[in-house]
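Take a look at the model below. How do its helices pack, and what lies between them?

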Amino acid sequence: MSTEMRPNLSWPRLAFVSFGVVIMALGIALITLAGLGTSAISAPMWVASLIGGPSFGVYVFLVNSAFVAFQALLLRGKFHPSRLLQIPLVALFGFGIDGWMHVVGFMSPTAWIGQLAQVLLGASTLGFGIAMQIAPRSMNLSGEGLVDALAYVTGRPFPLVKVIFDTTLVASAIILSFAFLGELAGVREGTVISAFLVGPVVRASRYPVDRMMRAWLRRTEGGR
């Protein structure tokens with residue numbers, strides 16, 4: 001959702017976005033359960049859950065809700081009230097992760113090749129979910145919303161800010177793991193693999209996802 005344009009918030013588009021978020025949550029659960037680290041966007045929250053306190057999904061919800069507050073601080077008068085819809089969306093995301101961690105919890109391979117295969121499956125699932133979430137041009141998750149706000153305020157290109165943001169999340173996870181656990185936890189080769197794989201999967205999924213979305217919109221809102 002660009003800062004300079006109002007999103008289309010029709011219920012069919014929001015429903016499509018929400019389904020994409022649920023698929024994203026599944027992808028993150030699969031990556032995390034593989035035991036080779038988690039995705040960049042969830043790394044600090046996963047490490048925090050290893051340290052103690054709330055569940056993985058609750059940390060995801062809390063941190064992403066804070067991202068919405070940061071957007072409001074950065075954008076001030078430019079903060080559109082529709083951005084508050086990111087809060088129920090990140091609630092779905094966070095509690096969706098907890099739900100999937102329970103449902104597919106049996107998928108915890110011990111052999112490295114099995115772990116690698118599950119990371120590849122999870123990253124592909126995450127990428128497909130992201131493609132679904134962004135296709136309606138309706139509402140982003142709060143992490144993307146914060147990157148959008150930072151890019152707008154600083155005048156820097158969105159892709160550059162996104163790389164810096166993701167790198168900061170991973171660095172935060174590494175610092176947390178050494179500070180509180182005394183070792184590197186939650187960030188491993190699976191984090192790197194998923195970081196490189198998700199983008200190409202998103203691009204490859206755009207055409208089939210766009211066809212799915214247009215078919216859905218034709219049935220629900222007359223193809224607008």
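A crossing of two helices is left-handed if the near helix is turned anticlockwise from the far one by less than a right angle, and right-handed if clockwise. Keep that in mind as you view this predicted model.

Start with one pair. Two packed helices are described by the angle between their axes and the distance between the axes. Here, take helix α3, residues 56–75, and helix α6, residues 142–154. Their axes come within 8 Å. They cross at roughly 20 degrees. Angles under 35 degrees count as roughly parallel, and α3 and α6 are therefore roughly parallel to each other. The crossing of α3 and α6 is left-handed.

Which residues meet? From α3 come N64, S65, F67, V68, F70, Q71, L74 and L75. On the α6 side are S142, G143, G145, L146, A149, L150, Y152 and V153. The residues of this contact include 10 nonpolar and six polar ones, but no charged ones.

Now turn to the largest nonpolar core. It holds 37 residues. F56, F93, I97, M101, L126 and L141 have the most contacts inside it. Two or more residues come from each of α1 (11–33), α2 (43–51), α3, α4 (86–103), α5 (112–134) and α8 (189–221). The biggest giver is α1, with 12 residues.

Zoom in on I97. Leave aside its neighbours within four places in sequence. I97 is then in contact with A25, I28, A29, F56 and V60.

There is also a second, separate core. It has seven residues, among them V147, A151, V161 and L169.

Technical notes: Residues are numbered from 1 along each chain as its sequence is written. This is a predicted model: local features need pLDDT of at least 70, side-chain atom pairs count only at pLDDT 80 or more; totals for chains, interfaces and linings use all residues. Side-chain values use heavy atoms; hydrogens and water are left out. Axes are lines fitted to C-alpha atoms, for helices over the stretch in contact, and angles run from 0 to 180 degrees between N-to-C directions. Helices (H or I, at least four residues) and strands (E, at least two) are DSSP runs, numbered from the N terminus. Angles under 35 degrees count as roughly parallel, over 145 as roughly antiparallel, 65 to 115 as roughly perpendicular and the rest as oblique. Contact means heavy atoms within 4.5 Å. Ala, Val, Leu, Ile, Met, Phe, Trp, Tyr, Cys and Pro count as nonpolar, Asp, Glu, Lys and Arg as charged, and the others, Gly among them, as polar. A nonpolar core is a set of buried Ala, Val, Leu, Ile, Met, Phe, Trp, Tyr and Cys residues joined through side-chain atoms within 4.5 Å. Buried means under 20% relative accessible area, exposed over 50%, partly exposed in between (1.4 Å probe, protein chains only).
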